[in-house]
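Here are some notes for a colleague who is coming to this structure for the first time. They take up the nonpolar core, the disulfide and the salt bridges in turn.

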Amino acid sequence: QEQFVESGGSLVQPGGSLKLSCTASPRAFNSDAVGWYRQVPDKQRELVAVAMNSGGTHYLESVKGRFSISRDNAKNTMYLQMNALKPEDSAVYYCNALGSGGRGVLPWGQGTQVTVSS
């Protein structure tokens with residue numbers, strides 16, 4: 001089954017940095033738009049950042065200037081560099097190809113836990 005696999009989550013102090021990685025099969029990664037999502041318990045999953053094949057990027061307002069998304073199509077890998085982390089960034093982070101309305105296209109992976117706490 002096609003699926004994205006996330007890694008890199010950890011416990012980090014407020015103000016710290018973390019870099020998440022995400023890999024997928026060539027077919028799964030061959031999407032015009034891929035993105036990072038995050039979810040906390042009892043809340044809907046939200047789209048955090050998008051990387052287009054054209055090179056364009058889009059960000060959730062609350063992470064603009066702190067997070068940076070990139071994709072390496074040759075390696076079927078996507079990254080999320082997170083700087084100046086805040087406690088409210090704590091969540092399970094997922095990646096996926098984007099479909100209609102920004103919804104994930106493939107079955108969700110296990111995600112990677114990011115916890116920002118002192």
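1. In this predicted model, the largest nonpolar core comprises 27 residues, and those with the most contacts inside it are F4, W36, L80, M82 and Y93. Several elements each supply at least two residues of this core, among them β3 (18-23), α1 (26-29), β4 (33-39) and β10 (112-116), while β9 gives the most, with four residues. In soluble globular proteins, nonpolar side chains tend to be buried together.

2. Leaving aside residues up to four places away in sequence, F4 touches a set of residues that includes C22, A28, F29, V34, C95 and L106.

3. The structure has one disulfide, which joins C22 to C95 with an S to S distance of 1.9 Å. Because C22 lies in strand β3 and C95 in strand β9, the pair ties together parts that are 73 residues apart in sequence. The torsion about the S-S bond of C22 and C95 is about 90 degrees, so the disulfide is right-handed, and both cysteines, C22 and C95, are buried.

4. Four salt bridges are found in the whole structure, and a network of them links R38, E46, R66 and D89. R38 meets E46 at 2.8 Å, N to O, and R38 also meets D89 at 3.0 Å, N to O. D89 sits in the loop between β8 and β9 and R38 in strand β4, 51 residues apart. Both D89 and R38 are buried, whereas E46, at 31% relative accessibility, counts as partly exposed.

5. K64 and E61 form a salt bridge whose closest N and O atoms are 3.1 Å apart; here K64 is partly exposed at 47% relative accessibility, and E61 is exposed at 58%.

Note on methods. Residues are numbered from 1 along each chain as its sequence is written. This is a predicted model: local features need pLDDT of at least 70, side-chain atom pairs count only at pLDDT 80 or more; totals for chains, interfaces and linings use all residues. Side-chain values use heavy atoms; hydrogens and water are left out. A nonpolar core is a set of buried Ala, Val, Leu, Ile, Met, Phe, Trp, Tyr and Cys residues joined through side-chain atoms within 4.5 Å. Buried means under 20% relative accessible area, exposed over 50%, partly exposed in between (1.4 Å probe, protein chains only). Contact means heavy atoms within 4.5 Å. A disulfide is a pair of cysteine sulfur atoms within 2.5 Å. A salt bridge is a side-chain nitrogen of Lys or Arg within 4 Å of a carboxyl oxygen of Asp or Glu.
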